[in-house]
Each structure stands twice: as structure tokens, then as C-alpha cells.
Amino acid sequence: MTSTDKKVGYLPEGKVQYTPTSAAEGAEQALKMLEGRWKLVILFHLFGGKIMRFSDLERAIPAISQKMLIQQLRQMEADGIVRRIVHHQVPPKVEYCLTDWGQSLCPALDALLKWAEQRHG
């Protein structure tokens, strides 16, 4: 049985139809947002609704330089993955958490991990 959208020729709201080329381009753009040595590490530290101060992230990822951590967090914030929360106090307090959209990456990355495990299974 075919679905209604194929019979009628319209797509239900929110459903995108990809061609092989547009699917590849979309996947490449998504992967570019996660490109970088530290972005995935930062993501995994923030999954589960965690809110971490900048200094907590520095301690949690000792191999990353302060400059690189700032750069990666800014890029992820610009992409809408991470939210930066500034508490106006002395000394200044800055916290980071995932946006809802950033948190929604968790199942996709879990699926990717399971996929990778099957290689040697």
C-alpha cells in the first residue's frame, strides 16, 4: 500500500523529500556543525540536561586549551547547539548547556555509535 503523499502528490507538513544529492548535502552540513576535535567531547559532557560552568568544562577536558574551548563553544552557540547563560555578578559567572535542538542530537549519536560497533561484530 502506498502512502497518501505519493498518491496525491503533496507532502505532509514538516516532511521533506530528499534527492540523493540534497540528502548528501544536508548530511554534510550537519556533520560540519560537529566538525572539530572537541565538539563531540563537549556535547557528551553536556548531554542529559547538564549545565556546566566554563571552568568545569576546562577541568572535565584537560587536554583542551582555553582558547580552543572558547572557540568551539562559540561555534556551537552560533549553530544553535549550545546555549550560553551569563549571570551578571562579580565575579562573572558563565554557564553552558545544550539547547533542545542540541539535546536532540543524543539519539542520533547513540545510533552512530551502535552503527560503528557493528563493523567488528
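Of the 121 residues in this protein, 24% are buried. Keep in mind that we are looking at a predicted model. The accessible surface comes to about 9,000 Å², and carbon and sulfur atoms hold 56% of that. As for contacts between residues with a separation of 6 or more, 48% join residues 24 or more positions apart.

Now the secondary structure. There are seven helices and three strands. Going along the sequence, you read α-α-α-β-α-α-β-β-α-α.

Next, the sheet. The three strands make an open sheet, ordered β1-β3-β2, with antiparallel pairing. At the edges are β1, residues 52-53, and β2, residues 82-87, and each of these pairs on one side only. Strand β3 covers residues 93-98 and is joined to β1 by two bridges. In that antiparallel pair, M52 is opposite Y96 of β3. Helix α3 packs on this sheet and touches β1, β2 and β3. The direction of α3 makes about 90° with that of β3.

That brings me to the helices. Which helix axis comes within 10 Å of the axis of α3? It is that of α5, residues 66-78, while α3 itself spans residues 39-46. The two axes cross at roughly 75°. Angles from 65 to 115 degrees count as roughly perpendicular, so α3 and α5 are roughly perpendicular to each other. On the α3 side, the contact is made by K39, I42 and L43. On the α5 side, the residues are L69, Q72, L73, Q75 and M76. By class, that contact has five nonpolar residues, two polar and one charged.

Methods:
Residues numbered from 1 in each chain as written. Predicted model: local features only at pLDDT ≥ 70, side-chain atom pairs only at ≥ 80, totals over all residues. Heavy atoms only, no water. Axes fitted to C-alpha atoms, helices over the stretch in contact; angles between N-to-C directions. Helix = DSSP H or I, 4+ residues; strand = E, 2+ residues; numbered from the N terminus. Parallel < 35°, antiparallel > 145°, perpendicular 65-115°, else oblique. Contact = heavy atoms within 4.5 Å. Nonpolar A, V, L, I, M, F, W, Y, C, P; charged D, E, K, R; others polar. Buried < 20%, exposed > 50% of the residue type's maximum accessible area, 1.4 Å probe, protein only. Areas by Shrake-Rupley, 256 points an atom, 1.4 Å probe, with all protein chains shown as cover. Pairing = 2+ DSSP bridges.
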